Amino acid sequence: MESGFDKEKSSLKDRPPLVYLELGNQVATVRNEPLDNISLEDDAELKSNVQKLLGLIATRRRLYTPEEYCAPELEELTSKDTHPLNNSTFSPAQPAILSSTWSSLNLANPHPPTLVERRAKERNDILVETDANIAEMETPDFLKKIDLSELPSREEMASICGRHKSSIACLERHPNFYRFVESLHPTTPINMCHPLALTYRERSFKSCKEELAKTLFNIFNHAIFQCGLHAPIVWKSSLRKSCERVAIDASGQRSAYILLWKKISQPGMLIKMLLHEMCHAAAFVFNRETGHGDHCRRWVYQAKRAMPELPTIADCDPHFKYTCTLCARWSYGRIDFGTATTRCHYCQFEVITKPFQKADKHTGTRPDRTLTPFKAFIRDSYLKLDGMENITHSAKMRLLNEEFLKIRVSPG
Ligand SMILES: [Zn+2]
Ligand SMILES: [Zn+2]
């Protein structure tokens with residue numbers, strides 16, 4: 001077969017990269033590389049798990065003790081101080097820079113608001129402000145710092161921002177008018193609506209929701225997400241099925257889609273779902289977070305800070321539980337990566353993804369003794385690498401994972 005080599009080469013290039021999931025915390029974190037220098041001599045439990053797999057010691061059924069298997073603390077392994085990602089940059093949301101357009105004009109409302117209408121707006125403004133102050137007080141300080149080190153390059157953000165020109169004016173405020181987002185609400189009096197919201201108020205929500213979603217995406221991206229998000233909006237008729245909302249390319253670059261439900265029937269629902277999705281997209285693309293964890297909460301806080309009129313986004317449940325089949329570390333998340341390409345960041349064995357069940361939220365996990373093709377391959381090859389001098393478990397597993405992928409790509 002003369003095409004064998006080419007086939008292997010091209011499929012290796014096309015195949016998705018291995019995704020290393022850092023497990024052990026509530027929400028899993030995506031890593032491009034496994035942990036280095038994990039040695040069996042330093043970790044008795046890992047050593048015994050590997051030895052059992054290799055058939056060097058008998059597997060013994062141990063009594064199940066939940067405490068033993070509950071979320072292992074990875075504190076010492078996550079090397080919090082050395083990882084560049086943890087040099088968080090503190091950058092509170094900046095108020096959007098406003099161009100001087102309509103809001104600086106001496107605008108008159110189409111029909112002068114009545115006293116009742118003006119009072120209602122004053123009350124609304126006070127409520128929004130109070131709500132923002134409460135959020136500010138209730139948010140713990142550690143959620144106010146955000147890591148922006150994985151934002152796109154300045155050039156890229158400038159180019160994304162170039163597409164926000166028409167949306168920036170939506171962020172402008174004027175004392176006689178409601179803010180853009182508030183103006184979308186069907187009960188906001190038309191004569192006090194933000195001028196740029198009128199086009200959406202005059203049409204049926206159904207006929208303009210896709211256009212509105214794009215406008216809101218740009219507004220939020222500009223005001224909250226540093227013009228750093230590049231995420232196409234995909235409308236789905238059902239959100240029940242798990243669908244891929246993220247992707248990792250061959251170079252490890254993460255990207256996300258914004259999934260919206262076709263049946264969204266009113267602007268308030270659109271605003272809430274879109275913002276929630278965007279917080280998840282940012283937490284995944286910029287902070288490697290696979291579910292609703294602290295990074296997601298940080299973006300939710302940034303949103304409230306930059307645009308206090310936005311609804312509060314609550315935590316959501318994960319969809320999946322990821323478990324390492326060897327060391328049994330586990331975490332939750334919302335992303336289905338597919339088992340074939342996920343590996344444990346710590347021990348580099350396969351990670352299995354199972355649907356999240358509320359019932360097992362607080363139960364632990366044991367190593368999975370099922371012999372998969374991957375494990376069979378490791379069992380047959382692991383000891384052969386012992387001849388190499390001073391080779392750690394990490395280094396062996398790196399080599400074997402590479403080898404395994406090659407075999408899987410071109411069998412025989
Ligand atoms: Zn969420
Ligand atoms: Zn593991």
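User: In this predicted model, which strands form the open sheet with antiparallel pairing, and in what order?

Analyst: Strands of a sheet pair through backbone hydrogen bonds, either parallel or antiparallel. Here, an open sheet is built from three strands in the order E8-E7-E10, and the pairing is antiparallel. Strand E8 (330-333) and strand E10 (351-355) are the edge strands, each pairing on one side only. From one strand to the next, the twist averages 25°.

User: Over how many bridges do E7 and E8 pair, and which residue is the bridge partner of Phe320 in E8?

Analyst: Four bridges connect E7 and E8 in the antiparallel sense. Phe320 has Gly333 in E8 as its bridge partner.

User: Which residues coordinate the zinc ion (ligand 2), and what is the geometry of its site?

Analyst: The ideal angle at a metal with four tetrahedral donors is 109.5 degrees. In this model the zinc ion (ligand 2) is coordinated by the SG atoms of Cys324, Cys327, Cys344 and Cys347, at 2.2 to 2.4 Å. The angles among the four donor atoms are 90 to 120°, and the site is tetrahedral. Along the chain, the donors of the zinc ion (ligand 2) follow the spacing C-x2-C-x16-C-x2-C. Cys327 lies in the loop between E7 and E8 whereas Cys344 lies in strand E9, so this pair ties together parts that are 17 residues apart in sequence.

User: Are Cys327 and Cys344 buried or exposed?

Analyst: The cut-off for a buried residue is a relative accessible area under 20%. Cys327 has a value of 10% and is therefore buried; Cys344 is buried as well, with a relative accessible area of 1%.

User: What separation do the C-alpha atoms of Ser48 and Cys327 have, and where is the place of Ser48?

Analyst: The two C-alpha atoms are separated by 9.8 Å, although Ser48 and Cys327 are 279 residues apart along the chain. Ser48 has its place in helix H2 (residues 44-53). With a relative accessible area of 22%, Ser48 is partly exposed.

User: What is the phi of Ala328, and what is the phi of Gln348?

Analyst: For Ala328, phi is near 70°, a positive value in a residue other than glycine. Gln348 likewise has a positive phi near 70° and is a residue other than glycine. Ala328 is found in the loop between E7 and E8, and Gln348 in the loop between E9 and E10. Ala328 is buried, at a relative accessible area of 5%. Gln348 also counts as buried, with 0% relative accessibility.

User: Which residues are the protein donors of the zinc ion (ligand 1), and what spacing do the donors follow along the chain?

Analyst: The donors are His276 (NE2), His280 (NE2), His292 (ND1) and Cys316 (SG), lying 1.8 to 2.2 Å from the zinc ion (ligand 1). Their spacing along the chain is H-x3-H-x11-H-x23-C. The site is tetrahedral, with angles of 100 to 117° among its four donor atoms. His292 lies in the loop between helix H10 (267-285) and helix H11 (294-306), and Cys316 in the loop between H11 and strand E7 (320-324), so the pair ties together parts that are 24 residues apart in sequence. His292 counts as buried at 8% relative accessibility, whereas Cys316 is partly exposed, with a relative accessible area of 22%.

User: How many residues has the largest nonpolar core, and why does this core lie between domain 1 and domain 2?

Analyst: The largest nonpolar core has 83 residues; Phe180, Leu216, Phe220, Ile224, Phe225, Trp299 and Met307 are those with the most contacts inside it. H10 supplies the largest share of this core, 11 residues. The core lies between the domains because both domain 1 (4-27 + 36-76 + 319-409) and domain 2 (89-306) give residues to it.

How values were computed. Residues numbered from 1 in each chain as written. Chains lettered and ligands numbered in written order. Predicted model: local features only at pLDDT ≥ 70, side-chain atom pairs only at ≥ 80, totals over all residues. Heavy atoms only, no water. Donors = N, O, S within 2.8 Å, 3.2 Å for Na, K, Ca; no water. Tetrahedral: all angles 85-135°; square planar, octahedral: opposite > 155°, others 65-115°. Helix = DSSP H or I, 4+ residues; strand = E, 2+ residues; numbered from the N terminus. Buried < 20%, exposed > 50% of the residue type's maximum accessible area, 1.4 Å probe, protein only. Core = buried A, V, L, I, M, F, W, Y, C linked by side-chain atoms within 4.5 Å. Domains from an automatic or database assignment. Pairing = 2+ DSSP bridges. Axes fitted to C-alpha atoms, helices over the stretch in contact; angles between N-to-C directions.
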